[in-house]
Amino acid sequence: MASLNISRLTMIMSITFFVLIIVGSANAQLSTNFYSKSCPKLSATVKSSMQSAISKETRIGASVLRLFFHDCFVNGCDGSILLDDTSSFTGEKNAIPNKNSARGFEVIDNIKSAVETACPGVVSCADILAIAAADSVAILGGPTWNVKLGRRDSKTASQSAANAGIPAPTSNLNQLTSRFSALGLSTKDLVALSGAHTIGQARCTSFRARIYNETNIDTSFASTRQSNCPKTSGSGDNNLAPLDLQTPTSFDNNYFKNLVQKKGLLHSDQQLFNGGSTNSIVSGYSTNPRSFSSDFVAGMIKMGDISPLTGSNGEIRKNCRKAN
């Protein structure tokens, strides 16, 4: 009888321990209602700030969306891209993929300030960036989704990780698929998320080699781009061109129509429609905007789940540019 009671007690303790593990891991997951009680005005605060920023400069929506990509692709979505360099580490802002091109930091600063007024010390910079990216897509005419939240901010950043982790505009299809796969993102996610290039602009240095040296490019499109991007390196390097020729400030599926017509601006863009395994996905999105929108949302949610800091990891930064 005593041994039976002991075995029952052991079983109850085991079940309790198991439940605690499950609850603990669940608490460490992201959720769409993470701040519903601690910061109920969060969504409205971020959205009004993004609407104001985009009304002043439409391009900033694409810039903020790009910041989120470049954050998540380097050690997860942890706000590390927002950190300024310090004496103890060289951050990501001056990594090759970001230097002289990553922008929108002031917008995130402004949103953080507004959020701190509404609910001090509660919301991470990583989450603010995730919400701002989603708002940018919606404000520019793209799909909407409920952003999963609960990320905390990293205390450090890595220039070398940014150099290694963010796909270059010169990447081929194998390099793109392998990098996305390493982060748990599928080939479909790769193509759908590349559709973010339906908004925004690129610098001449990013597409010069394509418009002068490549053959899988529409000749009139190449000539148009050459007019504002001289062949000589160092001349007009920072001159800009829209990633989507038709509607560079509207989130739509024209990016994919351009690829079918060999009018992808970046080498990495046109690689998605160049006789490879992703041709059929591009063709589908070019004729079915609803399919693109739903797959883009799914890809954004998956990307937002990459290695978040949760629970007691990381911190809630007071200032997005520096650790507490």
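Colleague: How much space lies in the largest pocket?

Modeller: This is a predicted model, in which local features need pLDDT of at least 70, side-chain atom pairs count only at pLDDT 80 or more, and totals for chains, interfaces and linings use all residues. Residues are numbered from 1 along each chain as its sequence is written, and side-chain values use heavy atoms, with hydrogens and water left out. On a 1 Å grid over the protein atoms alone, a pocket is an open set of points with protein on both sides within 12 Å along at least five of seven lines, while a cavity is a set where a 1.4 Å probe fits but cannot get out. With volume taken as the space filled by probe spheres set on the points, which are joined across faces, edges and corners, the largest pocket holds about 1,000 Å³.

Colleague: Which helix gives the most to the lining of the largest pocket?

Modeller: Lining residues have an atom within 4 Å of a point, and 39 residues line the largest pocket, with Arg66, His70, Pro167, His197 and Leu266 nearest its centre. Helices (H or I, at least four residues) and strands (E, at least two) are DSSP runs, numbered from the N terminus. Among the elements that each supply at least two lining residues are H7 (173-182), strand S1 (201-203) and H3 (60-72). The most, 6 residues, comes from H3.

Colleague: At what angle do H3 and H14 pack?

Modeller: Contact, meaning heavy atoms within 4.5 Å, is made by Leu65, Phe68, Phe69 and Cys72 of H3 and Met300, Met303 and Gly304 of H14. Axes are lines fitted to C-alpha atoms over the stretch in contact, and angles run from 0 to 180 degrees between N-to-C directions. The axes of H3 and H14 (residues 289-304) lie 10 Å apart, at an angle of about 45°.

Colleague: How is H3 classed relative to H14?

Modeller: Angles under 35 degrees count as roughly parallel, over 145 as roughly antiparallel, and 65 to 115 as roughly perpendicular, with the rest oblique. The angle here is about 45°. H3 is therefore oblique to H14.

Colleague: Which helix gives the most to the lining of the largest cavity?

Modeller: The structure holds 1 cavity of 30 Å³ or more, and the largest cavity has a volume of about 70 Å³. Its lining includes Phe68, Trp145, Met300, Ile301 and Gly304. The helix that gives the most, with 3 residues, is H14.
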